[in-house]
Amino acid sequence: MAKQVTAQIRLQVTGGTATPAPPVGPALGQHGVNIMEFVKAYNAQTEAQRGDIVPAEISVFEDRTFSFILKTPPAARLLIKAAGVAKGSGTPQSAKVGAISKSQLREIAEKKMSDLNANDIEQAEKIIAGTARSMGITIRD
């Protein structure tokens with residue numbers, strides 16, 4: 001018989017360096033999950049992505065066990081990394097902070113494809129380009 005899911009938790013934690021401190025501890029502790037067990041499993045699976053923010057979707061079951069699914073890093077973080085800037089622009093319409101190439105845009109779109117609501121890579125590129133535009137990052141040919 002299948003276990004009953006009692007909670008769905010979404011966390012964005014830095015890969016390979018999760019600790020029981022907030023936001024992990026309080027989010028899992030209120031559902032009675034073994035926090036250190038999650039931290040060890042998460043760090044083991046995200047060791048290759050150390051330093052990147054890796055979202056996790058955690059399902060907590062009625063017997064206080066859990067399972068989690070890792071997602072791809074947020075598009076904004078991937079764009080910041082590709083453009084080589086510290087952060088997006090406060091006024092993206094007038095102040096541009098950086099630029100990425102079409103090939104970098106396609107690479108990010110391919111990476112995010114599984115988490116995006118897009119049918120093909122061209123639509124995924126448009127979604128990522130919109131995020132870049134709202135951050136003050138231009139796309140050059």
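Reader: What is the relative accessible area of Arg106?
Author: This is a predicted model, in which local features need pLDDT of at least 70, side-chain atom pairs count only at pLDDT 80 or more, and totals for chains, interfaces and linings use all residues. Residues are numbered from 1 along each chain as its sequence is written, and side-chain values use heavy atoms, with hydrogens and water left out. On a scale where buried means under 20%, exposed over 50% and partly exposed in between (1.4 Å probe, protein chains only), Arg106 is partly exposed. Its relative accessible area is 32%.

Reader: Which residue meets Arg106 in a salt bridge with an N to O distance of 3.9 Å?
Author: A salt bridge is a side-chain nitrogen of Lys or Arg within 4 Å of a carboxyl oxygen of Asp or Glu. At 3.9 Å, N to O, Arg106 has such a partner in Glu122. The pair joins distant parts of the chain, 16 residues apart, with Arg106 in helix H4 and its partner in helix H5; helices are DSSP runs of H or I with at least four residues, strands are E runs of at least two, and both are numbered from the N terminus.

Reader: Which residues are linked with Arg106 in a network of salt bridges?
Author: A search of the whole structure finds seven salt bridges. The network that holds Arg106 links it with Glu110, Glu122 and Glu125.

Reader: Within what arc do the buried residues of H5 fall?
Author: The buried residues of H5 are Ile121, Ala124, Glu125, Ile128, Ala129, Ala132 and Met135. They line one face of the helix, because seen down its axis they fall within a limited arc, taken from the directions from the helix axis to the C-beta atoms. An α-helix has 3.6 residues a turn, so residues three or four places apart point the same way. The arc for H5 is 140°.

Reader: Which exposed residues does the face of H5 turned away from its buried side carry?
Author: The buried residues of H5 are covered by elements including H3, H4 and strand E5 (137–140). The face turned away from that buried side carries exposed residues, namely Lys126 and Arg133.

Reader: Which residues is Leu79 in contact with, leaving aside its neighbours within four places in sequence?
Author: Contact means heavy atoms within 4.5 Å. With those sequence neighbours set aside, Leu79 is in contact with Ile100, Ile108, Ile128, Thr131, Ala132, Met135 and Ile137.

Reader: How many residues apart are Lys81 and Asp52?
Author: Lys81 and Asp52 form a salt bridge, with the closest N and O atoms 3.1 Å apart. It links Lys81 in helix H3 to Asp52 in the loop between H2 and strand E2 (53–61). Lys81 counts as exposed, at 57% relative accessibility.
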